[in-house]
Amino acid sequence: MEDSNGDLISRTDIKQQHAPINNGASVTHSNGSHNSQSDQHENDSCHESSMVVNKINDIQATIKGSHYSQLLQLLSHVYHLTNDIENHFMVMKYLNDSEKSFVGYIHCINVAIAELLDQHLTYILDRIDAYDCWQGGAEGNGYRSMLFVTQSCLSKIQTLLQNVKLNMNKLLFRLTKYVTELEDFAHVFTLLVDMLQVMKHLMMLSSDGQLFHDLNQSSDAVLHDVKRLNQECFYGRVFAFQYPDSIANSLRVINLMMAAYGEAFARHNNTAIRAAGLVLYGAKYYTNPQLKARQVVDLSKNQHIEFAKSFWQLNENQLLRHVPSLLCNSVAVNQTIQVKMEMINIHNKDNKLMVIPFPGNNQNAVINMRLLSYHARKGQDVNKFLTFMTTLQFHVMPHSKGIVIHFHGGGFIAQSSKSHEIYLRSWVRNLDVPVVSIDYTLSPEASFPYAIEECFYAYCWILQHISLMGSTAEYVCLTGDSAGATLAVCVAMRAAEYGLRIPDGIVCSYPAFLFRNAASPSRCLCYFDPLLQQGFLSSCLSAYLGDSFNVAQEKEISTLPNDVNNIHKENAINGDVLNDINHINCQINTDNSGSSGPRSILSLTDNLLDNPYLSPLLADDDLLSKIPPIRINACDLDPILDDSIAFARRLKHVGVDVQIRFFSGLPHGFLNFVYNSEEATAASNIIANQIKSILFKDSDSNS
């Protein structure tokens, strides 16, 4: 909220200035003065209520459509409830501390509602349509997301106040249990109003529907007002209020684990003791939500890459790695393949010989990938691949016409194909085509652009060894989530630059397309997001860039991930499968005659942050126009939502077949919640159908 000088002032100050009753000892009124004050207060409330109703009616009359009618109705209803409850307490002669606090909090809510209606809401609603993808398209942008969170908060406040109003005249009614909850929601709501003030300011700076402000300069000044707001109330007792219950419960567990693991990580160096700290310190934070909130906020502001990587790799330990096998659909083939990389020579569409170098020019590198197939198929080493399956799955099927190449998410620093089996197994069953998930080398061990080079190499290798995958690759679909979605787009761009076969389509889930500190409305969500806090995003970006900032642009990156010494050399037999790992030495022609391909990724731009493979949103029109049909799946509560919208706009502008879908009420990373949430499961099925439409666009079956 602004003072007379236009500066933000805290909502606590508002409460102290405007609360009608002090929080001291109980007070008494003489009958005459008390009745007079009550009558005057009731008259004032009626006048204020009339003004609020008129303001809401005016806004309703001016905005286009009825999309935000529910928000306006909630504002009106909450305002009337607060006035009714306040009037109820004002006629009482004695108020205890709980009642005084409660009245103070509802007065803060009223002040925030009046401010929202008077100063911010009309301006935002009048212009919000211009920030959607395109006219007539799906409605979604960071401004709508912030209004959705505000509406969710108002809905919780309404429910709480309705319960109070319904029960406050009962003999055994106790207000105490409602005070703490209302305090938290009052703080959250008033901070959301402050954030909407920042949204309005950002909207004034970003004319013509542009979501990102000032791409060529630092956006710290724009984000400064958000950074200074107190985040703790979002991570306390009302944490994850904006999500469906099934998602919220999972997020609360993760939030509690983060707080406990943060303390264990700081206190202990032993991995096992740190894991045990989840239980040891978890109990402390479970019983003290405010302490947990302070811990999480501190971690979000000062998150180091070592902690972030360690925490988000917890599900990769030996115990949790087997969870997908217990919960998910069984598959006939689930095999890790390790490929020793060598130079690949391949003819492009113009019949020119193109040289595909191994990533980082590292001659000792290996690449890991996981082959998943619901049925065993011809070309796969059935006798070695098969696990304990049903008779139906044991039957060897012909080659599939389609294949899916998947890149997992994890901020480039964590996760693997194994941890993403939680949804991949259901896709394998629904699609009935082989899925190959690439285990690219993580940062900071390998910095940009090693993962891109690795994934592009894997793409070329798979197409040259497609029979081993159990497919003919008549149809190829790339897919990925989060960082993996970015890699999928980069692989398609690189294939286009080399003039090689590009995939038939790409399906992206909550992707990131702009890696820089640019202000946008959705990125303001990171200051209270359960998973993508600002500190985590900064840590991931720093780790991903790594040494690339320090090397000369003409010098190729030379990290040494996945050393070949990790291979059990006695098992490294060409094309054979032994135990759990298939060790393959690429026997590929290494004749270097012909074209060597396009320029190296690092040499494309003078400024690394302008590199189109770091931020595909910054690629030129010619390169973007070569991207195949793409389906983008975004979450309206994702801090990187605006990346998807801005990228979809650019693709549509250059004539690419692009569709974008918004999933309401789901967080970034929702595919990992498919076994906890019906909403996430439904979204996962929709994404699988998008992949199916790319694979089988010219046929009705996979025969």
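1. The axes themselves are lines fitted to C-alpha atoms, for helices over the stretch in contact, with angles running from 0 to 180 degrees between N-to-C directions. Bear in mind that this is a predicted model, where local features need pLDDT of at least 70, side-chain atom pairs count only at pLDDT 80 or more, and totals for chains, interfaces and linings use all residues. Residues are numbered from 1 along each chain as its sequence is written, and side-chain values use heavy atoms, with hydrogens and water left out.

2. Now the helix pair. Helices (H or I, at least four residues) and strands (E, at least two) are DSSP runs numbered from the N terminus. Helix α16 (residues 421–431) and helix α22 (residues 678–695) have axes that come within 10 Å and cross at roughly 45°, and α16 and α22 are therefore oblique to each other. On the α16 side, the contact (heavy atoms within 4.5 Å) is made by Tyr-423, Ser-426, Trp-427, Asn-430 and Leu-431. From α22 come Ser-684, Asn-685, Ile-687, Ala-688, Ile-691 and Lys-692. Sorted by class, the contact of α16 with α22 has six nonpolar, four polar and one charged residues. For that sorting, Ala, Val, Leu, Ile, Met, Phe, Trp, Tyr, Cys and Pro count as nonpolar, Asp, Glu, Lys and Arg as charged, and the others, Gly among them, as polar.

3. On to the rings. Rings of Phe, Tyr and Trp (its six-membered ring) pair if their centres lie within 6.5 Å; planes under 30 degrees apart count as stacked, over 60 as edge-to-face and the rest as tilted. By this rule the model has 22 aromatic pairs. One of them is Tyr-261 with Phe-307, a tilted pair at 6.0 Å centre to centre with 35° between the planes. That pair links distant parts of the chain, as Tyr-261 sits in helix α8 (residues 245–267) and Phe-307 in helix α12 (residues 305–312), 46 residues apart.

4. How accessible are those rings? Buried here means under 20% relative accessible area, exposed over 50%, and partly exposed in between (1.4 Å probe, protein chains only). Tyr-261 is buried at 2%, and Phe-307 is buried at 5%. Next, Phe-311 and Trp-312 make an edge-to-face pair, 4.9 Å centre to centre and 80° between the planes. Phe-311 is buried with a relative accessible area of 5%, and Trp-312 counts as buried at 19%. Ring pairs join Tyr-261, Phe-265, Phe-307, Phe-311, Trp-312 and Phe-536 into a cluster.

5. Two cis peptides deserve a look. Ser-443 and Pro-444 are joined by a cis peptide bond with omega about 5°, and Pro-444 lies in the loop between β6 (435–439) and α17 (450–464). A cis bond also joins Phe-448 and Pro-449, omega about 5°, with Pro-449 in the loop between β6 and α17.

6. Ser-482 has phi near 55°, a positive value in a residue other than glycine. Ser-482 is placed in the loop between β7 (471–481) and α18 (483–498) and is buried, with a relative accessible area of 11%. Tyr-510 has a positive phi near 35°, in the loop between β8 (505–509) and α19 (534–545). At 1% relative accessibility, Tyr-510 counts as buried.

Technical notes
Angles under 35 degrees count as roughly parallel, over 145 as roughly antiparallel, 65 to 115 as roughly perpendicular and the rest as oblique.
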